[in-house]
Amino acid sequence: MKSSIPVETDLVLIGGGHSHAIAIKDFAMNPIPGVRLTLITDVYHTPYSGMLPGYVAGLYTFDQCHIDLRPLAKFAGARIFVDRAIGLDLEKNQVICANRPPVTFDVLSIDIGSTPASLTVPGAREYTIPVKPISKFLTYWHQITATVAQSPEQKICIGIVGGGVGGVELAFAVQSHLHQIYQDARQPTNNLELHLFHRTTRLLPGRHRWVGKQVEKILKSRGVVLHLEENVTGVKSKDRQDIDFATDEQDSDFATDEQDSDFATDARINDRKTQDKERQDIDFATDGQDSDFATDARMNYEKILDKERQDSDFATDGQDSDFATDARINDRKTQDKERQDSDFATDGQDSDFATDGQDSDFATDARMNYEKILDKDEQDSDFATDARMNDEKNQDFGPKIIECNSGLQIECDILFWVTQASAAPWLQTAGLATDASGFILVNDKLQSISHPQVFAAGDVATMVNHARPKAGVFAVRQGKPLLENLQRALQRKPLQSFIPQKNFLILIGTGDQRAIASRGKMGFGPESLLWRWKDHIDRKFMDKFTNLKMEGRSYPSSGKGKSRKRKDSQIMHCAGCGAKVGSKVLEKVLQRIQQQTQRDDILIGINTPDDAAVVRVPEDKVMVQTIDYFPALVDDPYLLGKIATNHCLSDLFAMGATPQSALAIATIPYASSTQQEDDLYQLLLGATEILNQAGAVLMGGHTTEGAELAFGLTCNGLAFSEKLLYNSGMQSGDVLILTKALGTGVLFAADMRLRAKGRWIESAIESMLVPNQNAAKLLLEYGATACTDVTGFGLVGHLLEMVKASQVTVELEMEAISVLPGVAEILQQGIFSSLYPENLRMSASIQNSEQVSTHVLYPLLFDPQTSGGLLATVPGESASACLQALQQEYSESRIIGRVLTKSEVRSQKSEVIFVRGT
C-alpha cells in the first residue's frame with residue numbers, strides 16, 4: 001500500500017486463526033499511523049471449524065468453509081508472509097521462519113492453535129491417517145472419495161480411533177459422504193464397513209450420558225460397528241507395507257476427542273411456527289433421565305430458552321458447558337436484527353473435529369498450499385492438493401490390522417487416528433512461560449506472563465485466571481479484545497482486562513443436515529432445524545471475510561489515533577539525492593549479505609566499494625546487458641527480490657547468455673532506519689540467492705526512499721557471439737514452445753481489487769519463482785532457432801517481435817496455451833491489467849482477430865507477464881523430444897503453434913499471427 005507515513009513500529013501476527021482473522025478485519029477499520037501489520041502464515045486459506053464436518057460430509061465446498069487470508073490481509077493494508085514459524089528470538093524480537101529470513105517485531109501475537117501429539121501406539125505413525133495436519137488429512141480424504149467414486153462396486157473398510165466429539169463427527173461425515181457416492185453409482189451402501197474404537201464404556205464421555213447414548217443409537221442404526229472399552233494397542237500392515245503418515249509439528253487440526261469442542265453459535269432460532277413444528281419429536285434428557293421432550297418430560301422448552309437466553313452464549317466448540325443460547329425464538333426480523341452483533345464462535349485456526357484429549361480445533365497453521373484446483377474452472381473447487389506434496393504418491397490403502405488390549409483384531413483398509421493435541425514445542429523452547437501442555441500462559445489482557453511484548457489467543461493460549469476449554473467460541477470472543485490490547489500496547493496505553501464467558505452449547509452434526517444439541521445435563525435432537533440454524537450462523541460468520549472492497553477500509557493519517565479516507569498526510573520527503581537511503585543503513589545491510597558465489601572477473605564489486613563496479617570481459621565473449629525495474633506485486637521483500645531477479649535474468653537466458661553480475665536499484669518505503677535496514681536486507685538477500693544460483697554476483701546498486709517498495713536490476717551476461725539466440729531466427733516448419741503458463745498480469749490485477757483467491761496467487765508466485773535458466777539450456781540443446789521471454793508486452797507482443805524480425809507467419813493454437821488457475825474466472829469478471837488496453841492494440845496483427853476475439857481466453861494473449869516463461873521455436877523434428885525434456889522441470893511447457901511454410905503463407909498475409917481457437 002502506498003503511504004508517505006513512515007513506518008515506525010511493527011506488529012506481527014503468527015497464524016491466521018479466528019482471533020487473528022477478526023483482529024485483522026478490525027485493524028482495517030481503525031489503523032494506527034506508523035504501525036505496519038504483518039501476518040505470517042503457512043496457509044493462504046484457513047479452515048473454518050464450524051463448517052469442516054459438513055465439508056467432509058460433502059455439504060460444503062472448499063471455499064465455503066475456508067477464510068481466504070490474502071484478500072483479508074490486503075484489505076487491512078497488511079503484509080502477508082507465507083511461511084511456517086519455527087521459533088522465536090525474544091532477545092532480538094524476531095520470528096524464526098522455516099524458509100525465509102527472520103521477521104522483526106515490536107509487538108507479537110500468536111494464534112496457531114495446537115499441534116499433533118506424538119503417535120506412541122506402535123504402528124500408528126506408519127499405518128494410520130491422523131486428522132492432523134488437516135491439509136494432509138484432506139488430501140487423503142480426497143483420494144479416498146476419488147477411489148470410491150472410480151470403483152464403487154468394491155468394498156472398503158474404514159476404522160476410526162477415538163469416540164469423543166471429533167471421532168463421532170468424523171464417523172457421521174465419512175459415512176454420509178461415501179453413502180452418497182454409492183447411491184449415485186447405484187451401488188449398495190453396505191459396501192462401506194465402518195468401525196469406531198473407543199477406550200471407555202460410552203461415547204462422548206465429556207458430555208451428559210443421554211447425548212452419548214443418543215449418538216450411539218444413531219450410529220448403530222446406520223450400521224457403524226462400535227468397539228467400546230477397546231484400547232487400541234497396535235496397528236500393523238497386513239501386507240507389511242511401510243506407509244508413512246508423519247505429522248507436521250506446526251499444523252494442528254482436528255481437535256481432541258475427550259473434550260467436546262465444536263460448533264459455536266451465539267445465535268437466534270428461526271420463526272416460532274417452524275420451531276414448534278420441528279420440535280415435536282425432539283428428545284430431551286435431564287439429570288440422567290432419557291425422556292422424550294415432546295411428550296411427558298414436563299419441561300417447557302420455551303421457558304428454559306427464555307430463562308437461559310438472557311446471559312448465555314450459544315457456542316459450538318465446547319466441553320461440559322451449560323446450554324447457552326442468547327436467543328430469541330421470535331419472527332425472522334427480530335432474529336436478523338439481534339444477530340448483527342452476535343459472534344458465531346469457531347476457531348479458524350483451532351479446529352473443530354475434537355480429538356481425544358483436548359478441544360483444539362482445525363489450526364490455521366495447517367499447511368494448505370494448493371497444487372492445482374481439481375475443477376478446471378475452480379468454481380466449486382472442493383479441495384486443492386498440497387503443492388508441497390507434488391511428488392507424493394497416492395496413499396496405498398492396503399489392509400491394516402488393528403490390535404486392542406482385549407485381544408480383539410480388526411482388519412481395515414483405512415484407519416483414521418483422532419488423538420490428543422499439544423502445543424508447538426518451539427513456544428516453550430523460545431522461553432515463553434507455558435503450562436504443562438506447552439500452551440502459552442497469558443494474563444487477563446491476553447499478554448504473555450513472561451514476555452510483555454508477546455500476546456496469544458485461541459487454543460495456543462491458556463488464561464491463568466480463567467481456565468477454559470480449548471474451544472473456538474473463546475477464540476472468536478478474544479478477537480476484539482486482542483486487537484484492542486495490541487493497539488493499546490503499541491500506543492503505550494493501559495491494557496484492558498478480558499473475562500471469557502463460561503457457558504455455551506455444542507451442536508454435533510450427524511452428517512445428514514441434522515444436528516444434536518447438548519448443554520450440561522440437557523440435550524435434544526437430531527433435528528434438521530438445529531442444522532439449519534447452525535448453517536445460517538456459519539454462513540453469516542463467513543460473510544464477514546468475503547466480498548471485501550478496498551473502499552470499505554480506513555487509511556491512517558498522521559493525526560494521533562485518527563483515520564481518514566484515501567488521503568495521505570502531507571509529510572515532506574526530499575527529492576534528488578536527498579531521497580537516498582542513509583549510508584549507515586546501506587553499510588549494515590551490505591555487511592549482512594554473504595554471497596555464495598565468487599568470481600575472478602569482478603574486479604571491483606560489493607566487497608571492494610568504489611564509485612563504480614568494474615568487470616572483465618573475456619576476449620572470446622561478448623557482454624549482454626539488460627535492465628528491468630517495477631513496483632512490488634507482493635508484500636514480502638524477500639519474495640520480491642527473488643521474483644524480480646528471475647524476471648531480470650530472463651532476458652539473458654533468452655539470448656543464450658550466462659549471467660555474470662548485476663547492479664540493483666531499490667526503492668524502500670518511508671520508515672525508521674531500523675525498518676528500512678530490515679526491508680533492504682530481505683530484498684537483497686532474495687536477489688542474491690537467485691543471482692548466486694545462476695552463477696552471478698551482486699556488485700552494488702542504488703537505493704532511494706519512496707511511498708512503496710520497488711526493485712530492479714541491471715544484469716550482465718556473457719556469451720559466445722556465434723551462439724547468441726535472436727528474435728529473428730524463426731524458420732518455416734519450426735514449432736513454437738512456451739515454457740510457462742500465462743496469467744500473472746490478470747491475477748495480480750484481481751489481487752489489487754481483492755478478487756483473487758489466495759491459492760490462485762500462490763500458483764502464480766510458484767510459477768514466477770521458477771528460473772528460466774534450465775529451460776534456456778534445454779532449448780539450445782534441441783536446436784532452438786529463435787527465443788524471447790514473455791513479459792510486459794504479453795504473448796502476442798513478444799511473438800510479434802519475433803514474427804516481424806524473422807519475416808514469417810505463425811499459426812497459434814489458443815487451446816494449447818497453459819493457463820494459471822483462476823485466470824478464466826477473473827477474465828469473465830472483466831478484470832484486466834492496466835497495460836492490457838495498450839497491448840491490445842497489437843491485435844491488428846492477428847489476421848483473424850474478429851473470429852477469435854470472443855474466445856474467453858483471448859484477452860490472455862495480451863496479458864503482461866512478470867517472470868514469464870521463454871517463447872522459442874525449435875525444428876519440427878526435435879520438438880517432441882524437446883517438450884518431453886522441458887516438462888520434467890517445467891510441467892506447464894506446451895507446443896502452442898508453428899511457423900507456416902512458404903506454400904501456406906501464400907494464402908495468408910505475411911508477418912502476422914493466425915490464431916486457431918474454438
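The model is predicted, so local features need pLDDT of at least 70 and side-chain atom pairs count only at pLDDT 80 or more, while totals for chains, interfaces and linings use all residues. Numbering starts from 1 along each chain as its sequence is written, and side-chain values use heavy atoms, with hydrogens and water left out.

**Helix α15**

Helices here are DSSP runs of H or I with at least four residues, and strands are runs of E with at least two, numbered from the N terminus. Of the 18 residues in α15, 17 are buried, meaning under 20% relative accessible area with a 1.4 Å probe and protein chains only.

Some local details of α15:

| Residue | Feature | Value |
|---|---|---|
| Asp-636 | side-chain oxygen to backbone nitrogen of Tyr-638, N-terminal cap | 3.0 Å |
| Cys-648 | bend of α15 | about 25° |
| Gly-656 | positive phi, just after α15 | about 85° |

The bend is the angle between axes fitted to the seven residues ending at a residue and the seven starting there.

**The sheet**

Three strands form an open antiparallel sheet in the order β6-β7-β8. Edge strands β6 (85–89) and β8 (103–104) each have a single partner, so one side of each lacks a neighbour in the sheet. Strands pair if DSSP finds at least two bridges between them; β6 and β7 (residues 94–97) share 4. Among the residues bridged, Asp-89 partners Gln-94 in β7.

**Ser-849**

Ser-849 belongs to helix α23 (residues 849–852) and counts as buried at 19% relative accessibility. Leaving aside residues up to four places away in sequence, Ser-849 touches Ser-843 and Tyr-858, with contact meaning heavy atoms within 4.5 Å.

Technical notes. Buried < 20%, exposed > 50% of the residue type's maximum accessible area, 1.4 Å probe, protein only. Polar contact = N/O pair within 3.5 Å; in protein donor to acceptor, adjacent residues only side chain to side chain.
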